[in-house]
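Here are my notes for you on this fold. Have the model open and follow along as you read.

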Amino acid sequence: MLADMRRGLFGGTFDPPHLGHLVMADAALDQLDVADVAWVTAGDPWQKAGSTVAPADDRLQMTALAVDGMDGMLIDDSEVRRDGPTYTVDTLEAWQADGVTAVLVVGADAAAGIPGWHRAEAFDDVEIAVAPRPGTTHADVEAALGRTVIWLDTPELAISATDLRRRFAVGLSTRHLVPDPVRAYAISRQLYDR
Ligand code: ATP
């Protein structure tokens with residue numbers, strides 16, 4: 001049982017994990033009073049229902065490759081292992097039961113959508129740290145949430161997994177946008193071939 005431990009809760013589809021994710025996770029570890037940052041890979045992301053998502057085990061493997069050897073970065077496979085749809089609130093409550101205080105780490109676009117999350121009220125007392133992302137301002141996020149958030153100090157990076165999947169599919173370079181071991185994995189498993 002861990003007591004009084006604060007941990008960044010960084011959820012994502014990670015299809016694939018990319019430099020935008022690494023920069024924000026590092027900022028969270030550096031700028032928040034947390035012991036570590038857990039990358040929680042979504043198993044069956046309800047918000048992406050209807051779109052094609054790479055198998056959860058592949059996304060989990062890529063996320064492990066992305067943070068391999070980095071102090072303070074943890075891989076959390078609990079949402080992949082859990083049956084049924086993935087809800088961040090389930091992870092939040094599992095951590096609370098273990099005495100771990102979560103600090104939610106989200107990009108600005110995702111932050112603005114938190115009021116629509118499953119059982120969103122469970123996050124009312126949770127600190128939220130937000131990474132800048134083109135298209136959504138700090139003011140937009142606070143207006144959407146009706147509360148203040150911690151605004152992480154990072155550059156805005158116009159990198160998205162959607163664009164990277166397209167790049168892989170059409171054969172454009174993804175070098176420097178995706179960690180090399182992740183690129184090699186995605187290519188060898190033909191995850192984004194059309
Ligand atoms: P997709 O393009 O498939 O929607 P994504 O690039 O947004 O994917 P996710 O795995 O869905 O990646 O995102 C996980 C979290 O990381 C979300 O909170 C999202 O807002 C955030 N995030 C992803 N890319 C960036 C970025 N470039 N800058 C800031 N936040 C980001």
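1. Start with helix 2 (residues 56–67), which lies across strand 2 (36–41) and strand 3, at about 170° to strand 3. Angles run from 0 to 180 degrees between N-to-C directions, using axes fitted to C-alpha atoms, for helices over the stretch in contact. Contact means heavy atoms within 4.5 Å. Helices (H or I, at least four residues) and strands (E, at least two) are DSSP runs, numbered from the N terminus.

2. A quick word on the source: this is a predicted model, where local features need pLDDT of at least 70 and side-chain atom pairs count only at pLDDT 80 or more, while totals for chains, interfaces and linings use all residues. Residues are numbered from 1 along each chain as its sequence is written, and side-chain values use heavy atoms, with hydrogens and water left out.

3. Now the sheet: it's open, with six strands in the order 3-2-1-4-5-6 and parallel pairing (a pair needs at least two DSSP bridges). Strand 3 (73–76) and strand 6 (150–151) each have a single partner strand, so one side of each has no neighbour in the sheet.

4. Look at strand 1 (residues 5–12) next: five bridges join it to strand 4 (residues 100–107). L9 has L104 as its bridge partner in strand 4.

5. Finally, find T154 in the loop between strand 6 and helix 7 (161–170). Is T154 buried or exposed? T154 counts as buried because its relative accessibility is 14% (buried is under 20% relative accessible area, exposed over 50%, partly exposed in between, with a 1.4 Å probe and protein chains only). Beyond neighbours within four places in sequence, T154 contacts V23, A27 and P132.
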